Amino acid sequence: MWARWEERYFSFLGDKEVKVVCAGHYFSIHYTYPLLVKKMNPLEKSIVATIAYYDGLSMPLRAEEVFDYLIHPRRLSAENPSRIELSDVLRALWGARTSDLARFIGEKNGYYFLCGMEDLVWTRQDRQKISVMKWKKVARSIALLRFVPFVRMVALAGSMSQDNAKETSDVDIFVVATFGRIWTCRLLVTGVLSALGVRRSDKGQLTHELVADKVCLNHYVSDRSLMVPYHSMYTAQLYASFIPVIEQPAGIFDDFQKANAWIKEYIFLYPREKNRHLKKIASRASFSTICVLERCINACGGNMLERAA
């Protein structure tokens, strides 16, 4: 399971420190000037908060990403806009040089960041290239999971789903399994990726070389238990950025989004369109054939295998 983050950065009172706590590591951004909140409208507050959140991840955002990841205004103030369009965010960002936003955010090469953090633009551009290369390395291995019985969905998670992976990053995936066969599914998926030599193993002393480009199987759920029980800004941003690469049958990801409607309380634009990326794995396997194989396993001691797994 992913480390749970605590966020303490939305007080917006006078001089302000942004803190993000992740697995004991602190990323702090100090403001030496007061936030003029009373002069900022709810959308401007949300834009600043969103950019501040992702600056903690060394991830300056493009304008459309600010819109995609926009922290819901009601997390920051009593005002609750019923509608925010991409054009509203674009107008706010383009007018930032002549508004209060200029005190807090800067722009370079189409990326937005907190003032003084322009060096993160080069970091982000490098990580986007790294993410593309990592996907090319693992795509074929992950594609084989569509032939594994009881796999219903595989989604990219973490830094790979946001094109923000480092050279030393592994590839996090989220797996949805058939109800009642989650342990069997885990056994089979682990076996396939281990045989291919791409599974991340936590045994022994870990080094960057052992972790980089390996597939980390860190979260399984069943297709009848899709709701995430941990609700926070971190988990909302994490699960909202999932990229489904395998769905069988189609519609599992839609069910996941509906089951986690609570994310809408944290992120204004949720659910997001799942087809706005290029990492979808085309399904060449007949789902009916996989179902036949699953029925054979169930008939030949499937419950016993599940308990043993």
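Q: Which residues of α8 are buried?
A: A residue is called buried under 20% relative accessible area, exposed over 50%, and partly exposed in between, with a 1.4 Å probe and protein chains only as cover. In α8, Met233, Tyr234, Thr235, Ala236, Gln237, Leu238, Tyr239 and Ala240 are buried, and the helix, residues 233-240, is thus mostly covered, with eight of its eight residues buried. Helices (H or I, at least four residues) and strands (E, at least two) are DSSP runs, numbered from the N terminus. The model is a predicted one, in which local features need pLDDT of at least 70 and side-chain atom pairs count only at pLDDT 80 or more, while totals for chains, interfaces and linings use all residues. Residues are numbered from 1 along each chain as its sequence is written, and side-chain values use heavy atoms, with hydrogens and water left out.

Q: How many helices and strands are there in the protein chain, and what percentage of its residues is buried?
A: The protein chain has 11 helices and 10 strands, and buried residues make up 51% of its 309 residues.

Q: With which strands does β7 pair?
A: Two strands pair if DSSP finds at least two bridges between them. Strand β7 pairs with β8 (residues 171-177) in the antiparallel sense over six bridges, and Ala155 has Phe174 in β8 as its bridge partner. Four bridges also join β7 to β10 (residues 243-247), again in an antiparallel arrangement, where Met153 is partnered by Glu247. Because seven of the seven residues of β7 are buried, this strand is largely enclosed by the rest of the structure.

Q: How many salt bridges does the structure hold, and which parts of the chain does the pair of Arg124 and Glu65 link?
A: Side chains of opposite charge can pair when their charged atoms come close. A salt bridge is counted when a side-chain nitrogen of Lys or Arg lies within 4 Å of a carboxyl oxygen of Asp or Glu, and the structure holds 10 of them. In one of these, the side chains of Arg124 and Glu65 meet at 2.9 Å, N to O. That pair links distant parts of the chain, with Arg124 in helix α4 and Glu65 in helix α2 (residues 63-68), 59 residues apart. Arg124 is buried at 0% relative accessibility, and Glu65 is buried at 6%.

Q: How far apart in helix α3 are Asp88 and Arg91?
A: An α-helix has 3.6 residues a turn, so residues three or four places apart point the same way. Asp88 and Arg91 are three residues apart in helix α3 (residues 86-94), and are therefore separated by about one helical turn. Their closest N and O atoms are 2.5 Å apart in a salt bridge; Asp88 is partly exposed at 22%, whereas Arg91 is exposed at 52%.
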